[in-house]
Each structure stands twice: as structure tokens, then as C-alpha cells.
Amino acid sequence: MSYYVVKKAVAARDFPSSATGKQVVKLTAGQVVQADNCGKFSNTALGKVYLPVLVDGVYRWVHDAYLTAISGKRAVALLHGESWLGKKPGSKAIAWYNSTDSGKADPKPTGEAYCTVGALWGVAQGTDLGSLISRTAAKLEKKARNKGIWHAKGGSYEPKPGDLVLFKTTGKSSATHTELLASKSGDTLNTINYNASGVCKRQSRKVSDAYTYGYVEMPY
């Protein structure tokens with residue numbers, strides 16, 4: 001099963017114990033890993049549950065509090081974002097956009113175009129977006145509202161890895177930025193931003209921040 005690492009510098013050990021297990025490697029926030037849930041080990045002495053996680057072809061033990069289970073299709077979308085971290089995906093994202101029925105013209109090189117097209121490009125690796133393909137965050141918001149998959153922050157909807165987070169600049173009437181949600185922990189949103197000054201990067205946002213606007217529930 002696929003899991004998303006939700007904390008920085010997570011220890012993968014050779015034995016399911018932080019007291020006696022030797023740290024073999026560190027996992028980083030944002031990694032998608034494969035774990036065998038059936039082989040989990042409950043360390044009653046420490047009150048922790050460890051999962052065997054496949055790391056470089058070998059199973060290592062990781063505390064399950066640092067892992068979030070995700071479906072295979074959502075994992076595919078997140079792995080796409082992972083593959084672009086530290087790179088400039090703009091031209092490739094736009095080429096994908098222009099290859100769809102929505103790609104009527106080359107989007108202008110703005111934050112809206114690259115971030116939204118990039119995030120949708122990632123999601124499209126795991127599901128058929130159909131008419132949800134949009135050139136800007138504002139257009140994506142409008143389509144999501146029409147389809148009933150828009151959720152304003154503060155509501156009952158709990159966003160899941162692979163959903164999209166929309167942000168809105170103060171004074172604007174609709175969304176201005178889009179990011180791919182990797183995980184949510186309390187007030188913290190861990191995302192993949194396909195256009196952080198042109199580069200794909202991980203971001204840590206706050207739900208309570210005025211910039212955070214809402215979520216698009218993606219149809220995986």
C-alpha cells in the first residue's frame with residue numbers, strides 16, 4: 001500500500017523500536033513509499049506501531065504516526081509532483097495543457113497559468129480530469145463550484161492527499177493560485193507547488209492563513 005511521509009527526517013530502522021532499532025536511513029517529508037500494513041508490529045513497551053516500509057529494495061521499520069495512507073491513483077499524482085521537485089516544469093506542463101481539448105492557446109507565463117496547469121497535470125497522471133482542465137485558478141474554482149466539488153476552508157470537508165488547494169490574494173474576488181495537497185496535519189497543509197518562482201517545490205501552508213481559500217475534491 002502507498003503511504004506519504006508527513007514529517008521531515010523520519011527514521012527508518014532495522015528493528016521496530018526507537019530505543020534499540022538502528023537508524024538505517026532517513027525519509028523526508030513528501031516521499032511516497034510502499035509499506036506492508038499486514039506486517040505491522042505493535043511495540044507495546046513504547047506504545048507505538050511500526051510498519052515495514054520498502055526502502056531501496058529492503059524493508060525497514062517506520063513509526064506509523066509519520067505516514068499517511070493514500071490510494072494508488074493519488075500516489076501516482078503525488079509521485080509526479082515528486083519527480084519535478086527542484087526542476088522547472090512550466091514548458092512541459094503547458095505542452096500537456098495544449099495537448100488537451102482545453103488547450104486553446106499557450107497560457108501566458110504567469111503564476112496563475114503555471115501553478116494551476118502544473119497541478120492539474122500532476123493530478124491527471126492519476127485520474128481523468130475531463131472538463132476540469134483549466135488555465136487559471138479562477139477558472140478552476142468556477143468549474144469546481146459548478147460540479148459541486150468546491151469546498152471553502154472552515155467547512156466539514158477534510159481534504160485528502162491529491163486534492164488541490166486554492167489560494168486567494170487579498171482583494172481578489174476569486175482564486176489566484178493552486179497547489180497539490182500532499183498531506184494535512186491539524187492547521188498545516190503540506191503541498192507541492194508547481195510554480196514557486198518557476199521551480200517545483202514543497203510548501204508548508206496554514207489553513208488559518210488568510211491566503212488559504214479552499215479545496216477542490218479531485219475525482220480519483
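Leaving aside its neighbours within four places in sequence, which residues is Lys160 in contact with? In this predicted model, Lys160 touches Arg74, Leu181 and Glu217 once those sequence neighbours are set aside. The protein chain around this residue has a secondary structure of 4 helices and 14 strands. Its radius of gyration is 18 Å, close to the 17 Å that the globule rule gives for 220 residues, so the chain is as compact as a globular protein of that length.

**The chain as a whole**

- When contacts between residues at least 6 apart in sequence are considered, 58% of them join residues that are at least 24 apart.
- The protein chain carries 30 positive and 16 negative side chains, and the centres of these two sets lie 4 Å apart.

- Lys160 is located in the loop between β9, which covers residues 150–152, and β10, which covers residues 164–167.
- Is Lys160 buried, partly exposed or exposed? With a relative accessible area of 30%, Lys160 is partly exposed.
- Although Lys160 and Val216 are 56 residues apart in sequence, their C-alpha atoms are 9.9 Å apart in space.

**Strand β14 and its partners**

- Strand β14 consists of residues 212–216, and because 5 of its 5 residues are buried, the strand is largely enclosed by the rest of the structure.
- The strands on either side of the loop that holds Lys160 both pair with β14: β9 runs antiparallel to β14 and is joined to it by 3 bridges, while β10 also runs antiparallel to β14 and is joined to it by 4 bridges.
- Which residue of β14 is the bridge partner of His151? The partner of His151 is Tyr215, and Tyr215 is also the bridge partner of Val165.

**The hairpin of β12 and β13**

- Strand β12, made of residues 188–196, and strand β13, made of residues 199–206, run antiparallel and are joined by 7 bridges.
- These two strands form a hairpin with 2 residues between them, and Ala196 has Val199 in β13 as its bridge partner.
- Ser197 is found in the loop between β12 and β13, where its phi is near 55°, a positive value in a residue other than glycine.
- Ser197 is exposed, with a relative accessible area of 77%.

- Where does Asp56 lie? Asp56 is placed in the loop between β6, which covers residues 48–55, and β7, which covers residues 58–63.
- The relative accessible area of Asp56 is 76%, and this residue is therefore exposed, since exposed means over 50%.

Key
Residues numbered from 1 in each chain as written. Predicted model: local features only at pLDDT ≥ 70, side-chain atom pairs only at ≥ 80, totals over all residues. Heavy atoms only, no water. Rg over C-alpha atoms; globule rule 2.2 N^0.38 Å. Contact = heavy atoms within 4.5 Å. Lys, Arg positive; Asp, Glu negative; His and termini not counted. Charge placed at Lys NZ, Arg CZ, Asp CG, Glu CD. Pairing = 2+ DSSP bridges. Buried < 20%, exposed > 50% of the residue type's maximum accessible area, 1.4 Å probe, protein only.
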